[in-house]
Amino acid sequence: MLEFLSSLKLNLKKLNKISLRGSPLVSSVGNSYGEYIESALIQELKLAKLWSGVATKQVSGKVIEQDIDVTGFSEGSAFIKVKFTVSDGDITLFDKVISAEHTFDSSFLGAIAIPNGQRSYVELVQKLLTNLYADEEFIASIK
């Protein structure tokens with residue numbers, strides 16, 4: 001069983017501020033994107049019956065880089081890099097940067113581009129977690 005050690009920490013203030021043509025992207029969980037990613041990971045680990053609040057193995061993470069670009073006339077893009085760590089006591093079992101990219105429909109019109117950019121963050125995090133789960137070293141570390 002795994003436990004999420006602590007919220008995914010953001011190492012720079014600007015990492016907790018994504019602007020979509022001047023409109024801020026606000027996390028729907030807590031006060032940071034790290035908390036959103038943490039919540040998504042915990043939900044999925046619980047569904048897989050791999051999460052326990054009293055486990056010795058712990059997953060932690062740090063958002064290294066992320067952004068959403070809605071300036072394109074017809075296509076937007078988003079990317080994220082998170083350093084994930086799995087530990088068991090003082091032993092580090094997994095320590096790797098996992099990244100994801102996502103493209104989505106955008107528009108010259110802000111009324112279309114901004115909501116599409118906001119929705120893209122959900123899909124970006126889903127891709128990030130999919131990439132994490134596809135990593136054989138991560139799978140081995142949580143067994």
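Visitor: How many aromatic pairs does a search of the whole structure find?

Guide: This is a predicted model, in which local features need pLDDT of at least 70, side-chain atom pairs count only at pLDDT 80 or more, and totals for chains, interfaces and linings use all residues. Residues are numbered from 1 along each chain as its sequence is written, and side-chain values use heavy atoms, with hydrogens and water left out. Rings of Phe, Tyr and Trp (its six-membered ring) pair if their centres lie within 6.5 Å; planes under 30 degrees apart count as stacked, over 60 as edge-to-face and the rest as tilted. On that criterion, the number of aromatic pairs found in the whole structure is 3.

Visitor: Is the pair of Tyr36 and Tyr121 tilted or stacked, and why?

Guide: The ring centres of Tyr36 and Tyr121 are 5.8 Å apart. Their planes stand at 55 degrees, so the pair is tilted.

Visitor: How many residues apart in sequence are the parts that Tyr36 and Tyr121 tie together?

Guide: Helices (H or I, at least four residues) and strands (E, at least two) are DSSP runs, numbered from the N terminus. Tyr36 belongs to helix 1 (residues 33–47) and Tyr121 to helix 2 (residues 110–133). The parts tied together by this pair are therefore separated in sequence by 85 residues.

Visitor: Does Tyr133 count as buried or partly exposed?

Guide: Buried means under 20% relative accessible area, exposed over 50%, and partly exposed in between (1.4 Å probe, protein chains only). Phe138, at 1%, counts as buried. Tyr133 has 26% relative accessibility and therefore counts as partly exposed.

Visitor: Which residues do ring pairs link into a cluster?

Guide: The rings of Tyr133 and Phe138 have centres 6.4 Å apart and planes at 40 degrees, so this pair is tilted. Ring pairs link into a cluster the residues Phe94, Tyr133 and Phe138.

Visitor: Which residues do salt bridges that share partners join into one network?

Guide: A salt bridge is a side-chain nitrogen of Lys or Arg within 4 Å of a carboxyl oxygen of Asp or Glu. Lys96 meets Asp135 in such a bridge at 2.8 Å, N to O, and Glu137 forms another with Lys96, the closest N and O atoms being 3.5 Å apart. The network joined by shared partners consists of Lys96, Asp135 and Glu137.

Visitor: In which strand does Lys83 lie?

Guide: Lys83 forms a salt bridge with Asp95, their closest N and O atoms being 3.6 Å apart. Asp95 lies in strand 7 (residues 91–105), whereas Lys83 lies in strand 6 (residues 75–88).
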